[in-house]
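Please look over the structure shown below together with its sequence. The report that follows takes up selected local features, the metal site and the nonpolar cores in turn.

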Amino acid sequence: MRILSIETSCDETGVSIVDCDLENEEYKFEALANNLLSQVKLHAEYGGVFPSLAKREHTKAMIPLLIKTLREAKLGENSDHSSRLKEAQKYLDREPEISDRLKEISAFNAETIDAVSVTVGPGLAPALWVGVNSAKALATLWDKPIIPVNHMHGHIFSGLFPQSEPYEAPTLSLLVSGGHTEILKIDEDLSMYTLGSTRDDAIGEAFDKAARLLELGYPGGPEISKLASLHREKFPEYKSELFPRPMKSDESLDVSYSGLKTALLYQLENNKEDRPLDKEQISREFEDAALDVIVAKVERALEDDAYRSLVAGGGVIANKELQRRLQDLSEKFSIPLHIPKPELTTDNALMIAVASYVLFKNKKISAIETEKISAQANLSANEFAL
Ligand code: KG4
Ligand code: ZN
């Protein structure tokens with residue numbers, strides 16, 4: 001089965017083409033092409049992602065990225081799908097830049113593509129719609145079905161790549177990104193149950209807001225973790241105690257991160273006149289507080305139930321200290337830890353292709369009619385896209 005996948009939920013435009021094995025029991029897939037265009041630098045000027053700007057950039061990137069990906073996958077360019085062009089363009093009323101250039105796609109030999117998979121949510125609605133409408137147009141142009149994918153499942157299954165085995169179930173899954181903080185149980189049949197999530201800010205959002213307060217730039221996670229690790233190298237025995245650990249000892253597996261940002265704000269205000277705070281130290285304090293809470297919850301979840309593997313995903317999993325702490329838990333509980341390769345921790349289309357493959361193979365999601373697909377900005381991590 002050959003899948004062309006599209007990701008546009010936030011500030012990265014992704015397109016990939018992946019060959020997946022549906023015949024045999026094991027999971028086998030090969031990326032023929034996988035491309036990404038990041039808008040991060042553009043949004044950095046504003047200190048966050050602006051939905052209308054994100055939409056504009058996805059719209060600009062889509063056709064060039066599709067062409068690049070189709071060429072790299074070497075599908076050939078001697079077809080003619082132009083008879084369906086008009087019908088396909090009807091899905092791109094709101095994306096005239098894509099519609100105007102859609103004919104550039106019509107010569108590609110897309111006959112070998114079996115389905116188009118696309119992130120339908122969660123994410124920024126205007127950004128999601130660019131991917132969804134592009135998928136509808138391509139599916140119509142090529143007369144192929146669409147497989148709608150939950151973005152969070154992409155993050156979960158990116159830990160699978162490039163293994164041939166599914167991870168050992170039940171799995172405890174930690175999703176940590178700029179928009180999400182979730183702990184899920186995944187059963188053998190890939191049913192998903194949310195065990196805990198954030199009650200306010202996501203952990204990545206907390207890092208981003210803290211970095212803004214510390215004037216460190218956007219996205220904040222990498223900046224704070226860089227400074228924190230410098231401090232950690234210099235003072236390995238240092239005990240962080242400046243900030244509260246909200247809900248750490250609470251019964252539930254939920255977390256809360258908005259108080260941490262407020263605590264940092266107070267620290268900065270109170271110290272304004274006396275002595276400037278050392279940014280390495282305060283980053284260390286912040287990172288330790290943020291990680292202490294989420295890692296304690298993962299540990300609690302592992303104590304509560306029997307799991308055979310631990311899988312983590314989302315942008316924040318790039319954090320080396322978080323990886324180290326999860327590795328400690330994996331050793332303590334004698335279960336493997338699956339973390340995506342560094343280049344797959346950020347949003348990308350390959351993870352969407354892989355999620356659609358794994359879930360399609362297990363009949364958790366299906367290819368559905370183009371008309372029925374819509375963006376679902378508030379899709380939960382345990383829900384399957386319909
Ligand atoms: O998954 P992602 O690329 O986008 C979504 O939010 O879906 O995650 C981006 C988030 C940002 O909040 C960023 O600050 C955070 O991941 N992040 C990190 C690190 N690298 C990226 N947070 C902490 N430490 C890091 N090293
Ligand atoms: Zn993401």
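Met-247 counts as buried because its relative accessibility is 17%, where buried means under 20% relative accessible area, exposed means over 50% and partly exposed lies in between, as judged with a 1.4 Å probe on protein chains only. Met-247 is not a glycine, yet its phi is positive, at about 65°, and its place is in the loop between H8 and H9. Helices (H or I, at least four residues) and strands (E, at least two) are DSSP runs numbered from the N terminus. This is a predicted model, in which local features need pLDDT of at least 70 and side-chain atom pairs count only at pLDDT 80 or more, while totals for chains, interfaces and linings use all residues. Residues are numbered from 1 along each chain as its sequence is written, chains are lettered from A and ligands numbered from 1 in the order in which they are written, and side-chain values use heavy atoms, with hydrogens and water left out.

Arg-245 lies in the loop between H8 and H9, and a polar atom of its side chain is 2.6 Å from the backbone oxygen of Phe-243 and 3.5 Å from the backbone oxygen of Ser-240. When residues up to four places away in sequence are not counted, Arg-245 touches Ser-240, Asp-288, Ala-289, Asp-292 and Val-293, contact being taken as heavy atoms within 4.5 Å. Phe-235 also lies in the loop between H8 and H9 and is partly exposed, with a relative accessible area of 42%. The C-alpha atom of Phe-235 is separated by 57 Å from that of Ala-110, and the two residues are 125 places apart along the chain.

## The zinc site

The zinc ion (ligand 2) is coordinated by His-151 through NE2, His-155 through NE2 and Asp-347 through OD, at 2.0 to 2.2 Å. Donors here are N, O and S atoms within 2.8 Å of the metal (3.2 Å for Na, K and Ca), and water is not among the atoms, so sites may look incomplete. The arrangement around the zinc ion (ligand 2) is irregular because its four donor atoms subtend angles of 91 to 151°. By the rule applied, four donors count as tetrahedral if all angles lie between 85 and 135 degrees; four count as square planar and six as octahedral if opposite donors are over 155 degrees apart and all others between 65 and 115; anything else is irregular.

In sequence, the donor residues of the zinc ion (ligand 2) follow the spacing H-x3-H-x191-D. His-151 and His-155 are four residues apart in helix H6 (residues 151–157), so about one helical turn separates them. His-151 is buried at 5% relative accessibility, and His-155 is buried with a relative accessible area of 1%.

## Nonpolar cores

The largest nonpolar core has 41 residues, of which Ile-203, Tyr-257, Phe-286, Ile-294, Val-298, Leu-322 and Leu-326 touch the most other members. Such a core is a set of buried Ala, Val, Leu, Ile, Met, Phe, Trp, Tyr and Cys residues joined through side-chain atoms within 4.5 Å. Two or more residues of this core come from each of strand S6 (171–176), helix H7 (203–213), helix H8 (220–234), helix H9 (258–270), helix H10 (279–304), strand S9 (309–313) and helix H11 (320–332), and H10 gives the most, with eleven residues.

Leu-326, not counting residues up to four places away in sequence, touches Leu-174, Val-298, Leu-310, Ala-312, Ile-317 and Leu-337.

## Ser-117 in strand S4

Ser-117 has its place in strand S4 and counts as buried, at 0% relative accessibility. Its side chain is joined to that of Ser-356 by a polar contact of 3.2 Å, a term that denotes a pair of N or O atoms within 3.5 Å; within protein, one must be able to donate a hydrogen and the other to accept it, and residues adjacent in sequence count only if both atoms are side-chain atoms.

## Backbone geometry

A cis peptide bond with omega of about -10° joins Gly-121 and Pro-122, and Pro-122 is found in the loop between strand S4 (115–121) and helix H5 (125–142). Another cis peptide bond, with omega of about -5°, joins Ala-169 and Pro-170, and Pro-170 is placed in the loop between H6 and S6.
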